[in-house]
Structure formats: structure tokens, C-alpha cells
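The sequence and structure come first, and the points follow by topic.

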Amino acid sequence: MSRFDVFAYYTDTALSHCMASREQLVRSMQKYDTSAIALVSGVAADCDFVAGNQAVRDIASTSEGIYGLVTLNLAYPEESLEQQRLHLMRREFLACVLFGKVGSPVTLSDASEIVNAQRRYAKPVAIYAPDAEAVHEAAKIAAEFNGIKFILLSMGGDDWHGAGTAAKRHLNIYLELSGSLDTDKVSHASAVLTARKLLYGSALPYSDPELVAAMIDDASTLTASDRSRIYSQNAESLFSIQADTD
Amino acid sequence: MAIEILDVNTYFGPTPTERADASAQSLVSTLQKNEVQWCLTLSTYGVLHGDRAGNIETMTACSNFDRLIPVATINPMDFFGREGQVEELANLPFEMFRFFPHRQGWPMSFSPFADIVKRLSAAKSVPLMISVKKPGDIGSLERVLDGYAQAVILAGVAPDTLAECISVMKNQPHFYVETHALRSPDALTVLRDTIGIKRVLFGSSAPGESMAAALRFVKRSELSTDDQLAVLGGNAQALWHGSEAR
């Protein structure tokens, strides 16, 4: 089943080079049956969001299913607003993505200005949410900006129950499935939310896409239709890019 | 010759935060579903509540289900140096001893842990498995286990502890690594190219974590078929000469 990977990094790491260049990215997409992919720049996430976003823009190609997420930096609100203006009108950028400051989550007070500005682009906001605290704060943002769709990347890590609860309470929250490999995560989340709110994502190259794929394939409560939604249809609908992937 | 798959890292029994049905019967069903022939396992009672009760529970479950191979545990925080305590346990047919420093809240350099290891070393030729989590853990463990000649299996090695794992394993030929937390698509090939594939053992941390995901991580890796079979069972059979004869 072809996959739309909504969360992968365009980056080189000491351990894995499978997402280090355009050629390696294309090879990885073929290897993992990925028809479309949304890239976060590793450089942008780690230190230089302006240069990182440009690097993703340089390799993005809608005809090849290579899309980007615009990384914004809460410590640089003015520059982040400029990055939104610069990139988010382009079809190859599907959403913006927010990472917390080192050791702390994305908070409503820190993110308000940027998220408010996101409304004019009519595209979702992805928030990296690797733990319960990050989910809790993201839920506050989703409640405040209920006209914007939010994607919780890594859906709370080991605290995935909390992410399911937040997404049930706030209908504008979607959950991306990388993170914890708990056996019951996919079945539980689909039972609580329906499969329509779940998005396949890998966190490549930090995590092997087959791990998440195996959890989706192994979840006995899912139908073939549910799996199709999780692997690609939900992302196509959320990002309004059906025509591109067809 | 077909290799039987052996999972070196499973458990059964209740936990305060995870799935409701993690009984020994459920673990056996998980093994059958995933075509895994054997697993080394222990009761969560021994980890979370009391090692004595847990070890009895483990022996009972393993006598009821052929596929389950018993693993003993001792909580060093409850070890008061009573003569014969370790030796009595060593006389029972446990195939491995496991330790959980992070779950139980004691440091690798904990003196009672060193005492237990010393007594075990004199009493029984049996592998140890120790959970590692943070950078520095494996180096500390190497110092504590100086002089311990039996196999030592590192459980929970992740990308951020892999460099330290390799560094230590190059100097400690009796150290092994278990696979469930490696996650990076290149981790297995890096291990093959540095410390050799013969010291890599398949583990899942099921039923809490997905056995299907752990299996696919190995089966879809870029290891050769022979190397995959070695990781999935051949290496474990070589380490526990008796497991084939069960």
C-alpha cells in the first residue's frame, strides 16, 4: 500500500545517511513504498531555520511527491513571520512546524503570534509533541485557534493516551503515529478517534518507517479502508493535494 | 536449516500504565501470531512489586507454557546480603538473570548490584541482561561487571547510546546487544560492521511494545538473509546451547 509520510527529516546524521541528499531521499521513498513525503529540515530543527527551510524548498517537487513543512522558531517571531510569508503560499509547503525550546514544549503564549498569522495561509500547524506536557500545551493552542488544523507529531511519545484524549476533545487535532511503539497505540487511537484522524509518519532517518508500518498492519481492529486512510488518504485530504498524488 | 525465532526480551503480567491483558497466555498468543517459537520472559511482579513473588510467578507460567523460557530477577534495593539468597535462585532452572536499574531507581554503580553479580558469577554460568537508558550507563556497567565472564546482554540500546555500546562491546567480547530500541534504519548494519552480527540478539519488549514492529525491523533491514536469521535466533541458540533441546 502506497504511503504518504507526513513527518520525515531532510538531514544527514552520523548513524544514517538515507535522507542526506535528494538522491538518497528518492531511494528511501522507493524502498519504503512512499509516494509522497513531507520533509522537515534537520538543520532547521536543530539550529538554522531560515537556511533549513530554503534547503527543503530547493529539493521539493510536487510532481515527485516531495513536499516540505516550514520550520518556524518561537525565539524569532519576526523572522518566523517572514518565513511564513516566503514559503507558505507555495504548493510544495503543506504546513508549518513548531518545535519547543530545548527542554520545554511549544506553549500558547510563545506560539500565539505565529499561529495567529498561520490563519491567512489556510494550512495546518504541526507541533512536535514527544511527551505529555507537549500534548497538554498543544491542546491549549488547538482550543484557542479552533479554525486551524493541528498535527501532533509523535503523538505524545509514551504518553500517547493523552494525545488520543486531546484529539477526541479538540476536533481540529490530528495525530501522527511515529513515537512510541506500544502494541495497542494504533488500535486504541483508531477506536477513540476513528482512523480519519491518524496520519502515517516515520521520523526518518531517526526511526525506521517499517516500525510504524508494522504497527498499522498488525492492528487487528483496522479495516483495509482504515489502513488506506492512515497511510495516505487522510494526509491527502488534510493537505488538499489529491490531484497531485493522483 | 530453518532457524527458530527467539525473542530475548519479553514479559508478562500487569503494569500500572499499559495494556490490561498482558497475561502469559496473551504473550503465547502474540508469539504464535508472529511465528516466534520461543521467548525469554519474566513476570512484571518481579520487576515492579517483589522479586521473590515474581520469580515464583515466572517459574509457574513457564511450566504451563512450553514456549516461555524463565528469566529471574533480583532487585538490588531489596538485597540485604542474606547468605544463600542468590545461590538458591541460581539453583533453579532460570536461563537468564535480568536487572532493571531505571525502572527500580538504582544507579549502575549500586553496591548491592555488584554484590549480586559477584555471587552469581560464583554460583552459576548464566547470561545477565541489564536495561540501559542514558549515555554513560554502559560505561558504568562495564566497570561494575569487570571480571564477570559470562554473557552480558544490553537491553534498550537506542541511537543515542549506540556509540557507547559499540565502544564498550569492542573491548568486551562477552557483551551482546538486544534490538528493540535501536530504531534507526541503519543501526543493524552499523553493528554488523563494527562489533559483528553474532552479538546482536532479537528482542521486542512485547507485549507492551509491538512484536510485529520489532520483527519487521530485522526482516526488512539491509542485513543479508543469513545475518537476519542469526539475529532472529541463531545467535541466541549459540549462546544458550540448551534452548534447542527444550
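Predicted model: local features only at pLDDT ≥ 70, side-chain atom pairs only at ≥ 80, totals over all residues.

Helix 5 (residues 108-118) and helix 6 (residues 132-144) of chain A cross at roughly 40°, and their axes come within 10 Å. Angles under 35 degrees count as roughly parallel and 65 to 115 as roughly perpendicular, with the rest between those ranges oblique; helix 5 of chain A and helix 6 of chain A are therefore oblique to each other.

**Helix 5 and helix 6 of chain A**

- The crossing of helix 5 of chain A and helix 6 of chain A is right-handed.
- From helix 5 of chain A, the contact is made by A:L108, A:A111 and A:V115.
- Helix 6 of chain A contributes A:E137, A:K140, A:I141 and A:E144 to this contact.
- By class, the residues of the contact of helix 5 with helix 6 of chain A are four nonpolar and three charged, with no polar ones.

**Helix 3 and helix 4 of chain A**

- Helix 3 (residues 49-59) of chain A packs with helix 4 (residues 77-87) of chain A at an angle of about 10°, the axes being 11 Å apart.
- That angle makes helix 3 of chain A roughly parallel to helix 4 of chain A.
- A:F49, A:V50, A:N53 and A:R57 of helix 3 of chain A make the contact with A:E79, A:Q83 and A:H87 of helix 4 of chain A.
- The contact of helix 3 with helix 4 of chain A divides into two nonpolar, three polar and two charged residues.

**The sheet of chain A**

- Chain A has an open sheet of eight strands in the order 1-2-3-4-5-6-7-8, with parallel pairing.
- Strand 1 (3-10) and strand 8 (198-199) of chain A are at the edges, each with a single partner strand, so one side of each has no neighbour in the sheet.
- Strand 5 (residues 125-128) of chain A pairs with strand 6 (residues 150-153) of chain A in the parallel sense, over four bridges.
- A:I127 stands opposite A:L152, which lies in strand 6 of chain A.

**The contact between chain A and chain B**

- The contact takes 16 residues from chain A and 19 residues from chain B.
- On the side of chain B that touches chain A, helix 9 (187-194) and helix 10 (211-219) of chain B each supply at least two residues.
- Helix 10 of chain B gives the most to that side, with four residues.
- The side of chain B that touches chain A has 10 nonpolar, three polar and six charged residues.

How values were computed:
Residues numbered from 1 in each chain as written. Chains lettered and ligands numbered in written order. Contact = placed C-beta atoms within 7 Å. Nonpolar A, V, L, I, M, F, W, Y, C, P; charged D, E, K, R; others polar. Axes fitted to C-alpha atoms, helices over the stretch in contact; angles between N-to-C directions. Parallel < 35°, antiparallel > 145°, perpendicular 65-115°, else oblique. Left-handed = near helix turned anticlockwise from the far one by under 90°. Pairing = 2+ DSSP bridges.
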